[in-house]
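Let's take a walk through this model together. We'll start with charged pairs, then move on to helix packing and the surface.

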Amino acid sequence: MKTRLTALASRSATPWRPDRVVALDIARMIALLGMFSEHLLMGNAPEAVLAVVTGFPSTMFAVLGGASAAVSTRTLIRAGRPAAACLSVAVRGLLIATIGLILGAVPLVIVMVLSYYGFALIALACVLRLPTWALGCLAAALSLAGPHLILWARATGAAGAIASPSFASPLEFLQTIVFTGFYPAITWFTYMLIGLCAGRAVISGRARIHVAAALFIPGLLMFIAGFISDILSRAAVIDTLVADGTSAQTAHKLVENGYGTPLGSGWLALLSGAPHTGTTADIMRTAGMALVVFGALLMAIPRDSAKLPLPGKIIARAGSAPLTIYILHFFGFYALLLIAILADSSGVWVFGPVGIAIHTLAALGVGTYLLLTDRRGPLETLISRIVRGAVDRFCPAKPAEPRTLETM
């Protein structure tokens, strides 16, 4: 057994590329664990714990999605095939959105984010060729205008305040996906723009310490600005909500966790940083923390994954299969919940720390399997094959050009 573990710890990262950004894989696993915790705690935990797991994990997942788009298309971009790069991101987004819409038909306890994530990726494909400064300006503009566009859509759109994808008409479908859903694509698109800029810094070839600082320092400043804005405005936000007819108890709950929409217009959509509200302060606070974590990991984790200790390799492998693990978590939650209901159990091993431990161990089990078998996640493999086929068919490489499409 000892010999087997020693061999496992020393094996190479193949079939991973030698220049794979392992910090990105580990960051994705951290985001997944945070999402597990938010789903399974169900708001029943000490305030300090809820403050860490509410809002940050899902938005970090979106930021890392933008960074992954930069990393996964770098070969195509460097080969002078920007159209193929854009197509690869768009097809990937379409496939993920389709999976999300199908799974969203399950009666929801956990909100399915993949449909919004996928449509945000499709939008990202449309701007993939823009220079980094333009992407940064667009992200800043959407951080300011996005919250007001969401409120406008809810007030004037045909679907009103519907927070789940509506299939009543194409217009209502787009409204609920882009503006009024629990995770509106316009907000996730903003996070992905920030992540795309970060991903371009990572693959720029600059020294690791310079790249880490380029992410960590702006991220820290963004987080501090959003955090201070939220703290200083919270009492005024609660007073405003109460004055508008909301009960004091409900107002206090709303500033702890929103539902994809700013709590109000005007200054509320700018200064309030309540989680899951997509306000300017919320975007700055959560995207900033995502950049801080990513920058710190880039500095702490060696570029060569073969130098990672065994636990690090397992975590990285698990993080390389985020779609597979997220969907296993989704179905695993409902499976455990059904078993608890049928067994007339209290559900202690479905929710809370025990449930988190079960889902975490399952994710690490997937990572261990992928490391032992030297494979990628099954869903990641399937989607990459479909994406590669679409790129080869609609944007084929010239004979002298490389046909390699990197994986996320």
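Helices here are DSSP runs of H or I, at least four residues long, numbered from the N terminus. Aspartate 25 and arginine 28 sit three residues apart in helix H2 (residues 22-41), so about one helical turn separates them. This is a predicted model, where local features need pLDDT of at least 70 and side-chain atom pairs count only at pLDDT 80 or more, while totals for chains, interfaces and linings use all residues. Residues are numbered from 1 along each chain as its sequence is written, and side-chain values use heavy atoms, leaving out hydrogens and water.

Aspartate 25 and arginine 28 form a salt bridge, with their closest N and O atoms 2.6 Å apart; the term means a side-chain nitrogen of Lys or Arg within 4 Å of a carboxyl oxygen of Asp or Glu. Both residues are buried, that is, under 20% relative accessible area, with exposed being over 50% and partly exposed in between (1.4 Å probe, protein chains only). Arg20 joins Asp25 and Arg28 in a network of salt bridges.

Over in helix H11, arginine 234 and aspartate 230 are four residues apart, about one turn, and they pair up at 2.7 Å between the closest N and O atoms. Aspartate 230 is buried at 6% relative accessibility, whereas arginine 234 is partly exposed at 21%. Isoleucine 231 also lies in H11 (residues 208-243), and its relative accessible area of 45% makes it partly exposed.

Finally, look at phenylalanine 330 in helix H16 (residues 322-342). Phenylalanine 330 is buried, at 1% relative accessible area, and its C-alpha atom is 7.3 Å from that of isoleucine 110, 220 residues away along the chain.

How values were computed: Helices (H or I, at least four residues) and strands (E, at least two) are DSSP runs, numbered from the N terminus.
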